[in-house]
Amino acid sequence: MQNRTINARKRIALVAHDHKKADLIQWASTNKERLVPHELYATGTTGQLLQVALETPITCLLSGPIGGDQQIGAMIAEGRIDVLIFFWDPMSAQPHDPDIKALLRLVVVWNIPIACDRATADFIMTSPLMSQEYETILPDYDAYLKRKV
């Protein structure tokens, strides 16, 4: 098993489907003091809305349906995202559903904390681990990588 140190200043990705953007913006505004000390990333319009609401710079990626979800997934695979807050809409079909499933899969593959709803986001943000270094255990994929194909 390998470990990876997650710094006290987390790299947090924030994503919201269209019908969940207002909920994420309201949640982020309520948690502004907890979020602003961290390095924030977001997809498309969500990032622009968060920059205004939080009055802080946010690294804005592409919109989810045109590659933003995949950009965040790549950052997770590269060890450049520590936490994902993804308010997704369970009641609406999404045209980029395969991208969403791939992103959620990578979060689990790389042992990244994820919140898909407000309650879980509150639990993550109020955890003492959010303000200190944390040693996460990375799954061992050596056997998979060395398999005969």
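Thr-136 is located in strand 7 (residues 134-138), where helices (H or I, at least four residues) and strands (E, at least two) are DSSP runs numbered from the N terminus. The model is a predicted one, in which local features need pLDDT of at least 70 and side-chain atom pairs count only at pLDDT 80 or more, while totals for chains, interfaces and linings use all residues. Residues are numbered from 1 along each chain as its sequence is written, and side-chain values use heavy atoms, with hydrogens and water left out.

The mean pLDDT of the chain (the predictor's confidence in each residue, from 0 to 100) is 92, and 96% of the residues score at least 70. Confidence is highest in strand 6, at 98, and lowest in helix 7 (residues 142-145), at a mean of 73. Where pLDDT is low, the predicted coordinates should not be read in detail.

Thr-136 counts as buried because its relative accessibility is 1%; buried means under 20% relative accessible area, exposed over 50%, and partly exposed in between (1.4 Å probe, protein chains only). Leaving aside neighbours within four places in sequence, Thr-136 is in contact (heavy atoms within 4.5 Å) with Gln-2, Asn-3, Arg-4, Ile-6 and Asn-111. With Asn-111 there is also a side-chain to side-chain polar contact of 3.1 Å. A polar contact is a pair of N or O atoms within 3.5 Å; within protein, one must be able to donate a hydrogen and the other to accept it, and residues adjacent in sequence count only if both atoms are side-chain atoms.

Asn-111 itself lies in the loop between helix 5 and strand 6. Its relative accessible area is 37%, so Asn-111 is partly exposed. Although Asn-111 is not a glycine, its phi is positive, at about 60 degrees. Most residues other than glycine have a negative phi. Glu-55, likewise a residue other than glycine, has a positive phi near 55 degrees. Glu-55 is found in the loop between helix 3 (44-54) and strand 4 (59-61), and with a relative accessible area of 64% Glu-55 is exposed.

Helix 5, which Asn-111 follows, contains 13 residues. From first C-alpha to last, helix 5 reaches 18 Å, close to the 18 Å expected at 1.5 Å a residue; the expected span is 1.5 Å times one less than the number of residues. The buried residues of helix 5 are Asp-99, Ile-100, Leu-103, Leu-106, Val-107 and Val-109. Their cover includes helix 4 (68-77), strand 5 (83-87) and strand 6 (114-115).

Asp-99 belongs to helix 5 (residues 97-109). Asp-99 is buried yet has no salt bridge, a salt bridge being a side-chain nitrogen of Lys or Arg within 4 Å of a carboxyl oxygen of Asp or Glu. The nearest side chain of opposite charge, that of Lys-101, is 11 Å away; Lys and Arg count as positive and Asp and Glu as negative, with His and the chain ends not counted. The side chain of Asp-99 does make a polar contact of 2.8 Å with the side chain of Gln-70. Apart from neighbours within four places in sequence, the contacts of Asp-99 are Gly-64, Asp-69 and Gln-70.

Elsewhere, charged side chains are paired. Seven salt bridges are found in a search of the whole structure. One of them joins Asp-23 and Arg-118, with the closest N and O atoms 2.5 Å apart. This pair links distant parts of the chain, since Asp-23 is in helix 1 (residues 21-30) and Arg-118 in helix 6 (residues 118-126), 95 residues apart. Asp-23 is partly exposed, with a relative accessible area of 28%, and Arg-118 is partly exposed, with a relative accessible area of 28%.

Another salt bridge is formed by Lys-21 and Asp-18, at 3.6 Å from N to O. Lys-21 counts as buried at 15% relative accessibility, whereas Asp-18 counts as exposed at 63%. In the salt bridge between Arg-80 and Glu-78, the closest N and O atoms are 2.8 Å apart. Arg-80 is partly exposed at 39% relative accessibility, and Glu-78 is exposed, with a relative accessible area of 51%.
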